[in-house]
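Notebook open, model loaded. I want to go through the salt bridges, then a few helices, a hairpin and the confidence values.

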Amino acid sequence: MSSSMEDELHKWIRIVDALIEWAMIVDSNSRIVHCNSALARGIGVAQGELIGLGLGNILRFDSGVELPITLVEPSESIQAIIMTREGTAIETDIRSARVREGYSVLILETPKEMEILQVLDQGLNAAVIINNERLIIDANQRMVDMLKLHSKSELVGHDILDFISKDHKDRVINALEMMTRGESDSGDWLEMGIVRGDGSDMLIDMKLMENRSPSSSDSRLIIAVFQDHSEIRTALKRAQEEIHLVRSYLEIAGVIFIALDRNAKITFINSRGCDVLGYSYDELIGKSWFDFVPANAVDDVRRMFHKLINGKVEGVRLRREIVTKEMGKRLIEWNTVIVKDEKGLIQGLISSGEDITELIEAQKKLEESERKYRSVIEQSLTGIVIIANDGEILFGNPAIEAFLGMQELSSPSTKEYMQRVIHPEDLDRFEQFVRTCMREGSHQSIRIRIDNEGRNIRWLELIGNRVSFLQEEVVQIVAIDITQNMKLEEAMDRQNRAIASIANATIKLSNIEDIGENLIRGIVSAYEFDGGVLRLYNQKKKCFEVAKSIGMNRHIFADKVPLDDEMFFTAYVARMRKSVFSEDIETDPEIEKYRNRLRSMGVRSLASIPILDEHNELLAILNLFNRKPREFVPDDKKFLRTLERGLSNLIQRLIIERELILSEEQLRRVMTDIDEGVIIAEFENGLIFANDKFQEIIGYDAEELAKMTLRDVIVSDDYGLIEEENVKRANGESSVFKCRMVTKNGEIRTVRVSAVPFRDKGGQIIGSISIISDLTGQIIADEMRRISELKFRKFFENLPIGVQFIEFREPDRFFLVDVNQAAVQIMSEKLEKFVGTNLKETVPPSHKEFLEYYLQVIGSGKPWHGERVIERNGEVSVAIESHAFLVLPNLLAVTVIDITERARTRREIQRMNEQLGELVQFRTAELEEANRELEAFAYSVSHDLRAPLRSVDGFSKAILEDYETILDETGKDYLHRLRAAAIRMGKMIDDILRLSRVTRVTLTRDKVNLSRIVREIMGRLQNSESERLVNVVIEEGAFAVCDKRLITIALQNLLENAWKYTRKTNDAVIQFGQRDENGQRVFFVKDNGIGFDMKYEDRLFTPFQRLHALGDFEGTGIGLSIVKRIINKHGGRIWARSSIGDGTTFFFTLSE
Amino acid sequence: MNFVVKKGDLLEEKTILLVEDNQDDVILTKRALKKANILNKIVVCSDGIEALEYLRDEGEFSNKETQGYPEVILLDLKMPRMSGIEFLKEIRNDPKLRFIPVVILTSSKEEQDVIESYDMGANSYIRKPVDFDQFVAAIQTLGLYWLVLNIAPKGGT
């Protein structure tokens, strides 16, 4: 074979290989020279296996076909059957093309499904081909693999549904039906569960495609392709998002694009560029760019343009202004690059630009507010609320809602709610604050209390300013919960406010050490410096003073750095007015001059930042350093440079505060030097400052005072006075007055107050500054002077009665104010030493009881008196009688009288009485014994003496009855007398018993109406002898406190006597009455009967003594004895006045 | 209603127990009872001990003829061996004797005796007057009440 022929053949081989149809090359002997990979794969053989075989080895032809096959017309074909390795017979139509030199290319037209499958086989997807009955005709290897089967034969001939999970079978059926109805040639991707050979499930997307065979329309084939779309979907989504982002970025950014040629002529400008400049595209094209640059910047722009166009600079990023058609200026941030042609020659520039005019303005504003805001926001910003012009709350963040203890701040009722949660006393201030914020626009701050029913009061610091919110002017308030710090801060802040105000300070104080320290610490740690020093510029002294240093021994650097001293690096930076960065001082020429000095301090690299105010005046220098070389990346420098301006507010504040601290110290010194108390009180907040002297006077320290109100130290009676004085202060008046204060230990001190109005920084009077002088000692003297003015003093001094004046002070202290000479004599020489002291502390414990009595006098206002007897060896040594009474509400007079003699006498009497008592007791015992004997006697009398009498009487009676006939009259008479005597004796015995009973009875005294008793007795007597006419005269209203039962017995006896002895009197008169005799009530019973001889008076009341013959008047003679016993028992006395024939009067008294 | 006590009205089986140590008083009391037409059998015991023996059929009374309990006991207070109060206490604590009516018949008018007697369950308290005529009158009233009007529990149980 010639080489050209060989070439020819190879060319064909390449062509055949490229075919996707089954193809091979045969020589004139019908021997296979080459077969392509499609064919080899199609029939399951290796490509090389067929080479050299005869065509008849693999094809069977219909009869009549002879080899070699030669086809003239390409449209002609020969039918044949080709066997696969597995023995499947595949029908094929063979076309041939003669190549040259006897070689032919045979193309075997395979059935359609084969073709498809071949395609699919090369693809990535698993696929099966199914027929109308859903039976699988063929499947590719991926399908076999996906289903974890071993060979295709496990699939072929099965219903496709066999491999679809139960839930998704309908889906397949529906999709196939849709296809059958011709609604679509290919379906959508369907998510489909498939069942694999090992029983596992898999979720995958399936798509059905119909492929109608062009030859036979009814032999429809459906290809099911399986593809895992999960990744694709994700990828797609991501892609879409990216596109969206890019698009939205472009939309939002509104970037200007502009292209300039080497002559700075505009060759392209986008619509955004046209919009910004205000010209149309056509107006701009071909114009020089410099026409749109402000005149003062043209040179600059031109220079930069030439640098770029000449290749000195690759690209540049800078901000430049442009002039619009309306002659306005816009600030554009440009990013410009050069454009080169393929030969590397610079053709022009392309700039993309952003209109940052508004942005810059906004940023400026933002920075301005941020500087003020920053510390607040960074440290403790917690709540934000936005309030509309009409007071309605538009927005509240969750934090503020938490502070206020409410939800849904923007609901309609919240305005009222806010008013409810704010402490009533703060509400007006709060509303004022909101109005001020709205009006002023700048930042305002206020502290208010939140008093939300039942919760603890919380303190909020509100910082508000006016902002635009949804095209509306609103007040934005930042709220910080300062409840925790409030106690300490309150005290400190109030004190600071006071001092600050005195110093006419213009801003509020806070802890400057912390500000300085926090500032440096923050920067040092964020930018990994080893240390830093903040030096404040003292404008008066024209030098820098150290405010705070971190990470460096303070002694190694100068306290003061004069601005003009060239040896100091700090002074250099100050003169430069710009930040200096040195990555390594050893190699940095800028530092050379200061290298040794810095080296000595251990500095190797540094950043030095001058801090300037808005007028470019130097405020401070912040030096930051490392001990090793370091690198400053541009961003670091950029940030640190921003501090030049960014810190100015903070530093200004620091400087002012520093000055204030000094004045506070000075002020403290001044105030401490004054030997008078100084307090500052605000009308609203009460005590806000108290100097040492005042603390000494009042006994509370500053910390305690900070928690107290003025009322806590003022005597309650003086509140009114203070109120009045406050009114004067509020009107700007100064005055001097006295009031009383209560010290910590309860002592009341009278003080003189010299008070002047206290103004806040705005000049508004908000309280008073008072100088307090303790007058207590003076007041006591005043009081005494007052007493002497009453001309009491002399009297007092010469009074024989000892007098002490004791001043009472709350709560229980007694100061001995004065004593007179008598008191000293009576009590003790020592008494004078106690004058001016608190007796509670000075008197001996044995005398403390008096203080209790004095307290009672103070409390009740009633005088007290008592005695004190001091004994020695059982004898009275000293005895004092005291009387204590009030002369002034707080002043006790205590008189003392020497009663020693009296006490001694009394003691003697007492002793005698005691002896007497003993005697009486002894006698009483004797008497009681006698009484008991008497009782026993009386008892036995009633039994034993009566029995014989009964016998005498009884048997006398028996004799008289039984022996009547034997006895003569004399005998009978004797017996009768015997009986009479016995009966009389029985009566006497009864009388003796009555008498004895009266003696033994216990008295029960009641108020008794004697007149009534007399009337009753006389009534009975009158009834018993109704024929008698007796004039009874009873005085009404005779009352006595006595034993009613006994007095009745006594009166009965007296009245019976009177009744008895008037029996023989004509015009008998019995009279009962009472009269006063020597202040004593005397009762009497008077009759006009027979009377008796007064010489027998002494017998009258003796038992059984009778003054009259028994025959004349009946009776045993015991009656008056009983009366006397009864009267005596009442402690009374009974006596009689009588004369024979004129009647008798019995008088008696009843001790009450 | 008018009660007139006639001879034989009071059944003889209704025994009266008189506890009295003074023989004069025994005679006079019997005489007073008789004069008051109280003809019941009168048993006399000279003190509390003897009376208890009688009631309990003990000692010399172990073979006594009459059975049952007296209709009423007339009791003196001051007696040797066992006083009236002690006797009263005994029988009031004896379930068989506790319901027998007891009339205190004594010379004493002392309040403490009266109170103590009623406290111990005496049914009546009569002070013997010195005057015999008054005594008879008192006995008559007593007999009418306790022996005729009063209904005593039978058998003393």
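**Across the chains.** I started with R31(B) and D962(A), whose side chains form a salt bridge with N and O 2.6 Å apart. This is a predicted model, so I read that distance as a property of the prediction. The pair runs between chains: R31(B) belongs to helix 1 (residues 23-35) of chain B, and D962(A) to helix 30 (residues 900-962) of chain A. I looked up accessibility for both ends. R31(B) is buried, because its relative accessibility of 18% is under the 20% cut-off. D962(A) comes out as partly exposed, at 43%.

Salt bridges with shared partners link D953(A), K957(A), E961(A), D962(A), R979(A), R31(B), K35(B), D131(B) and D133(B) into one network.

Next I checked R740(A) and D717(A), which meet in a salt bridge at 4.0 Å, N to O. R740(A) sits in strand 30 (residues 735-742) of chain A, while D717(A) is in the loop between helix 22 (702-706) and helix 23 (719-730) of chain A, so this pair ties together parts 23 residues apart in sequence. R740(A) is partly exposed with a relative accessible area of 24%, whereas D717(A) is exposed at 61%.

K541(A) and E545(A) make another salt bridge, and their closest N and O atoms are 3.7 Å apart. Which end is buried and which exposed? K541(A) is the exposed one, since its 54% relative accessibility is over the 50% cut-off. E545(A) is buried, at 16%.

**Helix 6 of chain A.** I did a quick length check here. At 1.5 Å a residue, the 12 residues of this helix (169-180) should span 16 Å, and the end C-alpha atoms are 17 Å apart, which agrees. I then listed the buried residues of helix 6 of chain A: V172(A), A175(A), L176(A) and M179(A). Where do they point, seen down the axis? They fall within an arc of 95°, so they line one face of the helix.

**A hairpin in chain A.** Strand 14 (residues 315-323) and strand 15 (residues 329-340) of chain A pair antiparallel over nine bridges. I picked out one position: E321(A) is opposite L331(A) of strand 15 of chain A. Five residues lie between the strands of this hairpin, and in it M327(A) has a positive phi near 65°.

**S117(B).** I went back to chain B for this one. S117(B) is in helix 4 (residues 111-119) of chain B. Is it buried or exposed? S117(B) is buried, with a relative accessible area of 0%. Leaving out residues up to four places away in sequence, I find S117(B) touching L77(B), I85(B), L88(B), I104(B), A122(B) and Y125(B).

**Confidence.** Chain B has a mean pLDDT of 80, and 85% of its residues reach 70 or more. Residues 1-12 of chain B are below 50, and that stretch has 18 contacts in the model beyond near neighbours in sequence. Where pLDDT is low, the predicted coordinates should not be read in detail. For the complex, the predictor gives an ipTM of 0.75 and a pTM of 0.32.

Methods
Residues are numbered from 1 along each chain as its sequence is written. Chains are lettered from A and ligands numbered from 1 in the order in which they are written. Side-chain values use heavy atoms; hydrogens and water are left out. Two strands pair if DSSP finds at least two bridges between them. Helices (H or I, at least four residues) and strands (E, at least two) are DSSP runs, numbered from the N terminus. The expected span of a helix is 1.5 Å times one less than its number of residues. Buried means under 20% relative accessible area, exposed over 50%, partly exposed in between (1.4 Å probe, protein chains only). The arc is that of the directions from the helix axis to the C-beta atoms. pLDDT is the predictor's confidence in each residue, from 0 to 100. Contact means heavy atoms within 4.5 Å.
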